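Hi,

Here is the model I promised to pass on.

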Amino acid sequence: HAQLWISPDFRASVYAEHAFALTLNYQRSLLGKAIAERSIQEMKRQSPMAPEQENRWLSAMQAAFPDVAANDRLTGLHQPGSGARFWFNGRDIGTLADARFSARFFGIWLHPATSEPRLRQALLAGALA
């Protein structure tokens with residue numbers, strides 16, 4: 001289950017230019033390492049990624065993302081031009097101060113090339129194009 005928190009002036013076509021939060025409520029157990037690896041694969045759907053960049057972002061996510069169980073909640077805050085901040089079940093688990101990472105990471109759900117177009121549509125329902 002996912003929930004997007006946006007401001008009234010949010011425009012989906014330029015999502016990375018807006019501050020927003022995305023909360024994921026997990027329905028099953030997953031290893032943090034697996035979440036990071038899948039995230040990289042999904043981020044690469046948006047455009048090619050240099051191997052050095054992929055390794056740097058993968059390492060950062062593996063260090064930040066915990067293992068999750070059913071009913072755990074991971075919330076990410078996209079801060080344009082700054083990066084992303086994450087909370088796990090309400091506890092601050094860190095910041096990745098890289099604006100390009102943040103745009104790509106949240107693009108997993110919001111970019112037109114997402115692997116889950118119906119989820120993207122549901123998240124962006126009511127948002128300005």
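Since I start with the inside, a word on terms: on a 1 Å grid over the protein atoms alone, a cavity is a set of points where a 1.4 Å probe fits but cannot get out, and lining residues have an atom within 4 Å of a point. A pocket, on that grid, is an open set with protein on both sides within 12 Å along at least five of seven lines. Grid points are joined across faces, edges and corners, and a volume is the space filled by probe spheres set on the points.

Bear in mind that this is a predicted model: local features need pLDDT of at least 70 and side-chain atom pairs count only at pLDDT 80 or more, while totals for chains, interfaces and linings use all residues. Numbering runs from 1 along each chain as its sequence is written, and side-chain values use heavy atoms, with hydrogens and water left out.

The cavity

There is one cavity of 30 Å³ or more, and the largest cavity holds about 40 Å³ of space. Its lining is made up of Leu22, Leu24, Leu74, Thr75, Gly76, Phe86, Phe105 and Phe106. E2, E3 and H3 each give two or more residues to that lining, with the largest share, three residues, coming from E3. By class the cavity lining has six nonpolar, two polar and no charged residues (Ala, Val, Leu, Ile, Met, Phe, Trp, Tyr, Cys and Pro count as nonpolar, Asp, Glu, Lys and Arg as charged, and the others, Gly among them, as polar).

The pocket

The largest pocket has about 620 Å³ of space. Of its 20 lining residues, Leu24, Tyr26, Arg28, Leu30 and Trp109 lie nearest the centre. H1 (32-43) supplies at least two lining residues, as do E2 and H3 (99-110); the largest share, five residues, is from H1.

The rings

A search of the whole structure gives ten aromatic pairs (rings of Phe, Tyr and Trp, its six-membered ring, with centres within 6.5 Å; planes under 30 degrees apart are stacked, over 60 edge-to-face, the rest tilted). One of them is phenylalanine 10 with phenylalanine 20, edge-to-face at 5.9 Å centre to centre and 85° between the planes. Phenylalanine 10 sits in the loop between E1 (2-5) and E2 (20-25) and phenylalanine 20 in E2, so this pair ties together parts ten residues apart in sequence. Phenylalanine 10 is buried at 0% relative accessible area, and phenylalanine 20 is buried at 3% (buried is under 20%, exposed over 50%, partly exposed in between, with a 1.4 Å probe and protein chains only).

Phenylalanine 65 and phenylalanine 86 are also edge-to-face, at 5.3 Å and 80°. Ring pairs link Phe10, Phe20, Trp57, Phe65, Phe86, Phe101, Phe105, Phe106 and Trp109 into a cluster.

The chain overall

The chain has four helices and five strands (DSSP runs numbered from the N terminus: helices are H or I, at least four residues, and strands E, at least two). Along the sequence the pattern reads β-β-α-α-β-β-β-α-α. Of the 129 residues, 42% count as buried.

Cheers
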